[in-house]
Amino acid sequence: DLCAMGPAWTLVKGGHLRQMQGSDSPSIDSGSGEAVDVLCDGRTGQCLNFSSQLFETKHTHGTGCTLASSIAAYLAIGHS
């Protein structure tokens with residue numbers, strides 16, 4: 001559990017997720033048609049799901065890395 005390690009917030013870039021039948025836990029499914037990211041508050045344990053239609057394209061590899069780099073650059077210039 002990433003939140004148990006102490007961060008105030010945890011963002012999990014999920015990509016292709018679907019809900020397993022009868023379960024609250026997401027699982028990987030390349031054919032789901034939906035991209036899901038999860039943002040969790042490390043203090044309360046509350047999580048928010050952000051989902052969007054998945055677009056079929058060969059140009060989506062590295063989107064999580066781009067997001068992480070953008071967040072790191074934002075923090076590096078003094079934002080919190």
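This is a predicted model: local features need pLDDT of at least 70, side-chain atom pairs count only at pLDDT 80 or more; totals for chains, interfaces and linings use all residues.
Two secondary-structure elements, strand S1 (9-19) and helix H1 (63-76), each supply at least two residues of its lining. Of the elements involved, H1 gives the most, with four residues. Sorted by class, the residues lining the second largest pocket are six nonpolar, one polar and one charged.

We can now turn to the cysteines. A disulfide is a covalent bond between the sulfur atoms of two cysteines. A search of the whole structure finds one such link, and it joins cysteine 40 to cysteine 47, with an S to S distance of 2.1 Å. The torsion about this S-S bond is about 105 degrees, so the disulfide is right-handed.

The two partners of the bond fall into separate accessibility classes. Cysteine 40 has a relative accessibility of 10% and therefore counts as buried, the cut-off for that class being under 20%. Cysteine 47, at 39% relative accessibility, counts as partly exposed, because this value lies between the 20% and 50% limits. Cysteine 65 has a relative accessible area of 57% and is exposed, since exposed means over 50%.

Conventions: Residues are numbered from 1 along each chain as its sequence is written. Side-chain values use heavy atoms; hydrogens and water are left out. Ala, Val, Leu, Ile, Met, Phe, Trp, Tyr, Cys and Pro count as nonpolar, Asp, Glu, Lys and Arg as charged, and the others, Gly among them, as polar. A disulfide is a pair of cysteine sulfur atoms within 2.5 Å. Buried means under 20% relative accessible area, exposed over 50%, partly exposed in between (1.4 Å probe, protein chains only).
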